[in-house]
Each structure stands twice: as structure tokens, then as C-alpha cells.
Amino acid sequence: MSAVAVDIRTEGVSAEPLVRVEDVHTYYGKSHILHGVSLTVAPGEVVGLLGRNGVGKSTTLKTIMGLVQPSRGAVVLAGRPITGLPPHKLARLGIGYVPEDRRIFRLLTVMENLRTGLDRNGINDDRRRALLDKVFTYFPVLAERRNQPGGTLSGGEQQMLAIARAMMLEPKIILLDEPTEGLMPRMVSQISKIVEVLHNEGVAILLVEQNVPLTLAASQRVYIMEKGTVRHHCAASDLSVHDPIIKQYLGI
Amino acid sequence: MGVAGQIFGAIPIDLIIIQTVNGIVTGMILALVASGLTLIFGIMDVVNFAHGELFMFGAYMGVLVFAATGNFWLALIAAALIIAVFGAVLQVVTLRPLIGRDPLNTILATFGISLVLQNYALWQFGPVARRIPEPLNLYFNMFYLQYPWYRILIAVLSAAIIGAFWLFLKHSKFGVWIRATTQDRVMAQAMGIPVPLVYTGVFALGAGMAAASGVLFAPLTGVSHTMGLDWVLKAFIVVVLGGMGNLGGSVVAAIFISLLESYASIVVDPSEAVIVSFVVLILTLLFRPTGLFATPK
């Protein structure tokens with residue numbers, strides 16, 4: 001790969017987005033899921049990805065994470081083509097992934113779940129402690145339960161753990177897949193708060209959500225998908241919850 | 001002893017005690033063989049038919065190092081390390097390319113490896129069994145028997161290796177990686193865990209433990225190219241009874257099976273006592289296919 005030559009561009013030149021998805025086509029077996037999805041996320045930007053169930057939002061995130069391989073198209077991270085790289089390399093390059101079903105390591109304790117992202121080369125003890133302190137400040141409940149198996153946490157706590165776990169990688173971008181799905185209203189507001197905190201820290205977020213008001217409030221830009229492709233793209237402030245476009249593509 | 005007493009009725013208590021000790025000693029070696037096997041299955045869904053040959057190769061490696069140095073303990077450590085490296089190479093060359101294929105592919109591959117290794121050993125070392133002398137020539141009186149301390153040492157060493165391995169799984173970075181990958185390999189990758197490397201590492205660890213058990217066992221019956229067969233078969237029974245991929249379950253199952261065979265050989269010929277294990281295996285598969293000693297989840 002021509003990564004070395006391209007890396008120069010990541011220094012400062014703002015024209016290069018953090019993540020660029022270019023005309024990606026993805027198949028599951030024989031079913032064609034993504035029909036040429038293109039989108040970009042700028043450094044530190046929160047981008048919402050809206051659409052009905054089954055239009056390919058989660059698959060888009062999985063394709064970026066390298067969990068499914070596109071048959072056509074490219075994914076570029078900070079100017080470096082990353083299509084075809086294994087997920088563990090992408091995680092080390094700065095992509096954090098919080099999947100829809102959370103995928104907590106249920107038999108591992110909260111602390112061990114965090115260690116899966118924390119035990120990596122080039123991180124010293126001070127940095128580790130600072131990272132842990134940070135997530136334990138944001139999510140005090142995780143500190144309380146640090147020695148409890150992940151599987152014993154409530155749904156909301158598991159969601160916090162999934163986000164905290166991704167934060168251990170100190171990612172440049174977090175792919176957040178339906179973080180508020182099935183959560184109580186109190187938890188939902190806590191999740192939207194953490195999205196804001198991450199944004200203020202300069203972490204980019206690609207947010208897949210069914211909760212339209214939350215997405216519009218949290219994002220700078222939104223993409224609306226239908227049938228495996230992006231149908232609409234605009235600034236989040238240009239849309240309101242009652243916009244005809246929302247009604248058309250999301251049926252609300 | 002109460003249960004055994006009821007089953008065997010008129011059998012003298014001293015015989016039962018001797019067979020209990022024998023059963024625990026073989027059980028601990030079996031546990032050492034089986035823990036590698038169950039771990040490999042648990043993490044990569046690979047049924048490793050070559051595991052017995054890694055045990056056998058370990059024993060031969062012990063023979064060679066012992067012949068060169070005269071030091072049993074050096075032979076034990078060297079054999080474990082050499083076979084661990086060998087296991088890593090084997091995994092990279094033969095199993096890594098098959099990741100994601102039908103499990104039947106890996107079964108055939110490991111079966112093939114097993115045949116190749118067995119025949120290589122026959123070609124290289126010949127059909128006559130080799131011997132490693134017991135490193136400890138002390139005996140203690142157990143009823144009418146002069147019982148070798150070495151057997152007790154085997155049990156203690158096997159327990160120590162398994163214990164160390166358990167601590168490694170529980171606390172080390174690689175141990176957390178192994179457990180995370182066993183539970184959810186996709187998410188483990190997404191967390192930056194180099195899953196292919198974890199696979200190779202687990203295979204190497206399993207191979208090293210099999211080799212260590214081979215060397216420990218070698219002084220008892222000698223070393224031959226077919227010595228792995230019995231063990232791998234029993235280890236498979238243990239893995240099924242213990243619940244596939246369950247380390248604690250395998251240890252319990254290994255001791256259980258060995259005790260059972262030990263007691264059975266009081267009343268029947270030892271070569272027939274193996275049948276008891278298969279009966280237990282079949283009953284388990286019929287009535288509790290997730291394993292006799294597995295924690296239900």
C-alpha cells in the first residue's frame with residue numbers, strides 16, 4: 001500500500017477528511033447490501049447516519065471497521081487507504097467501534113473489558129491511569145463495578161462500558177451504532193451527554209441512531225440512507241424533526 | 001471412598017487407596033494434555049487430532065535432550081519450549097490458511113499432521129521404545145507397595161503447570177486477549193487484539209503443555225511413536241466431559257475419568273477398564289452434550 005507517501009497529507013491540511021468512504025459496495029453472501037455509499041467525516045466532527053432499519057447503516061460502520069470487506073470502493077483514513085486491512089490494525093490506527101448489540105465480553109470483568117483496549121504497545125502507566133481516571137469520572141458506575149463480570153451489568157451500564165472500552169483506544173473516530181437502543185430515558189440523556197463530551201475532546205463520531213431528535217441535536221451534519229445508498233446529505237441545523245425529508249425517508 | 005466402597009463391595013480398602021493415588025496421578029497428566037486441547041478448541045473451534053503426536057514428540061525431544069545432557073529437568077523444559085515453537089510453526093503453516101473454512105478442513109488437516117508426525121517418528125527413532133529414567137529414585141511404603149515418589153511428583157508438577165497457566169490466563173495481557181478472543185473474536189479484533197497472533201500463541205501453549213506431559217510421563221512406560229494415541233483419545237473424552245473450551249471442567253473431568261478407570265481396573269483387566277470411559281462419554285453425549293462438568297450458561 002502507498003500509505004507512507006500519503007501520510008504527509010495528514011499533517012494539518014484541512015481539506016482531507018478524517019474518514020472518507022468512496023462508492024462502497026458490500027455484499028453479504030449474494031445479497032447486495034450497500035450500493036455505492038459515499039460519505040466523509042472531518043476530524044472532530046459528529047456526523048449522524050439516519051435511515052430505516054435494514055438500509056445498510058450498520059453495514060456501513062462494519063465496512064469502515066474492516067469487519068466486512070467491500071467488493072468495490074474504498075475507505076480512506078486520514079489520507080491513507082485502509083480498505084482490506086484487518087480490524088485489529090484499524091483499531092490501532094484510531095478507529096473505535098461500539099456495535100449495536102454492545103458485544104461486551106460477558107465473562108470478563110469490567111476492568112478486563114477495558115484492558116482489551118488498554119493493553120497495547122506504546123502506552124505508559126501514567127497514560128493508562130489517566131485514561132481509566134477519565135472514564136471512571138464520566139461513568140462512576142463502571143468504577144464501582146470494575147471487578148464484576150460484564151455480563152452482570154444492566155443494558156445501560158453495558159452501553160457505557162462499550163463506549164468506555166472504545167475510548168481506551170484513544171481513537172480519532174468512534175463508530176457508534178444505535179447507542180440508545182432499548183435504554184431508559186435517563187440513560188439516553190447520559191449517552192447524548194457523553195457524545196457531547198467526546199466531541200469537545202476532539203473525537204470524531206459517526207453516529208447511527210433511530211432517535212432523530214438526539215441525532216439532529218448531537219450532529220453537525222447528517223446523511224440519510226435508503227436501500228443501501230445515501231439519499232440525502234445536509235447540515236443537521238437545516239433539518240427539523242418534522243421536516244418532510246425526515247418523513248419521507250424515516251416515516252415519522 | 002464411600003461410593004467406591006459400595007460399588008466394589010468386598011474389595012480391600014488398601015487396594016482402593018492405591019488405585020485412588022494412581023488415578024489422581026494419571027488424571028493430572030491427562031489434565032495437562034487436555035487443557036491444551038480444550039483451549040485450542042475453545043478459541044479457534046479446531047479439533048486438534050495431532051495433539052497426541054505433540055505429546056509424543058515432546059517425549060522424544062525429552063529423550064534426545066536427556067541423552068545429550070543427562071539432566072531430566074533440562075529435558076523437560078527444553079522439550080516444552082522446542083515443541084511450543086514447533087506448534088507455532090505448524091499452526092502458521094497448516095491451520096492459519098484454513099481460518100474461516102469449514103471445520104471439516106481443519107479436522108482433516110490435523111489428522112494428516114498426526115499421521116505424518118507419527119510416521120516421521122517411526123522412521124527417525126525406530127519401532128523400539130526409548131526410555132527416560134525416573135529423575136527421582138525414592139520410594140515410600142504404601143501398604144504392601146514400594147510406591148515411587150516420582151509419581152507423586154508428576155501429579156504435583158502437572159498441577160503446578162496447570163495452576164501457573166490458569167494464573168497466566170487470569171492476569172496477563174495475553175491471557176486477557178485469549179479469554180476475550182474465546183468469547184467474541186470479532187469484537188476482540190475490533191478492540192485491536194491481533195487475533196491471528198492469539199491463535200498461534202494458544203496453539204504454541206497447548207503444544208508446549210502436551211510436550212511437558214509427554215516428558216513427565218515418559219519414565220513410566222517408555223517412549224514410542226504410538227504413545228500419543230491413547231492419550232489423545234482420552235483427552236478428547238475429557239474435553240467433551242469438561243465442556244469444550246472449559247479449562248476447569250477439563251481438570252475435574254480428567255481426574256474423574258482416571259479415577260473411574262483406576263477403580264474399574266481393580267475388577268477387570270486394565271485394558272478393558274478403558275471401556276468405562278467410553279460408556280461415560282456416550283452417556284454424556286446422549287444426556288448432557290454440553291459436558292458433564294460444564295457450568296451451564
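Modeller: Here is a walk through the sheets, then the helices on them, then the other chain.

Some housekeeping first. This is a predicted model, where local features need pLDDT of at least 70, side-chain atom pairs count only at pLDDT 80 or more, and totals for chains, interfaces and linings use all residues. Residues are numbered from 1 along each chain as its sequence is written, while chains are lettered from A and ligands numbered from 1 in the order in which they are written.

Let's start with the six-stranded sheet of chain A. It is open, runs in the order S6-S7-S8-S3-S9-S10, and has mixed pairing. Strands here are DSSP runs of E with at least two residues, helices are runs of H or I with at least four, and both are numbered from the N terminus. Two strands count as paired if DSSP finds at least two bridges between them. Strand S6 (95-98) and S10 of chain A sit at the edges with a single partner strand each, so one side of each has no neighbour in the sheet. From one strand to the next the twist averages 15°; angles like this run from 0 to 180 degrees between N-to-C directions, and axes are lines fitted to C-alpha atoms, for helices over the stretch in contact.

For the parallel part, look at strand S3 (residues 46-50) and strand S8 (residues 204-208) of chain A, joined by four bridges. There, A:Gly48 faces A:Leu207 in S8(A). For the antiparallel part, go to strand S9 (residues 221-226) and strand S10 (residues 229-235) of chain A, which share six bridges. A:Met225 is opposite A:Val230 in S10(A). These two strands make a hairpin with two residues between them, and A:Lys227 in the turn has a positive phi of about 45°.

Chain A has a four-stranded sheet too, open and antiparallel, in the order S2-S1-S4-S5. Its edge strands, pairing on one side only, are strand S2 (31-41) and strand S5 (80-81) of chain A. Strand S1 (residues 19-28) and strand S4 (residues 72-77) of chain A run antiparallel and are joined by five bridges, with A:Val19 opposite A:Leu77 in S4(A).

Now for the helices. Helix H2 (residues 57-65) of chain A lies across S3, S6, strand S7 (173-177), S8 and S9 of chain A, at about 150° to S7(A). H2(A) also lies across S1, S2 and S4 of chain A, at about 110° to S1(A). Helix H7 (residues 155-167) of chain A lies across S6 and S7 of chain A, at about 170° to S6(A).

H7(A) has a helix partner as well: H4(A) packs on H7(A) at about 35°, with the axes 7 Å apart. That crossing is right-handed, meaning the near helix is turned clockwise from the far one by less than a right angle. A:Val110, A:Asn113, A:Leu114, A:Thr116 and A:Gly117 in H4(A) meet A:Leu161, A:Ala164, A:Arg165 and A:Ala166 in H7(A). Contact here means C-beta atoms, placed from the backbone, within 7 Å. By type, the residues of this contact are five nonpolar, three polar and one charged. Ala, Val, Leu, Ile, Met, Phe, Trp, Tyr, Cys and Pro count as nonpolar, Asp, Glu, Lys and Arg as charged, and the others, Gly among them, as polar.

A:Lys172 is buried, with 20 other C-beta atoms within 10 Å; the cut-off for buried is 20 or more, with exposed at 12 or fewer and partly exposed in between. Leaving out residues up to four places away in sequence, A:Lys172 touches A:Leu18, A:Pro43, A:Gly94, A:Val203 and A:Ala204. The C-alpha atoms of A:Lys172 and A:Gly94 are 5.0 Å apart, although 78 residues separate the two along the chain.

Finally, chain B. The contact between the chains takes 22 residues from chain A and 16 residues from chain B. On the chain A side, helix H3 (87-93) and helix H4 (110-118) each supply at least two residues. That side divides into eleven nonpolar, three polar and eight charged residues.

How values were computed: Two residues are in contact if their C-beta atoms, placed from the backbone, lie within 7 Å.
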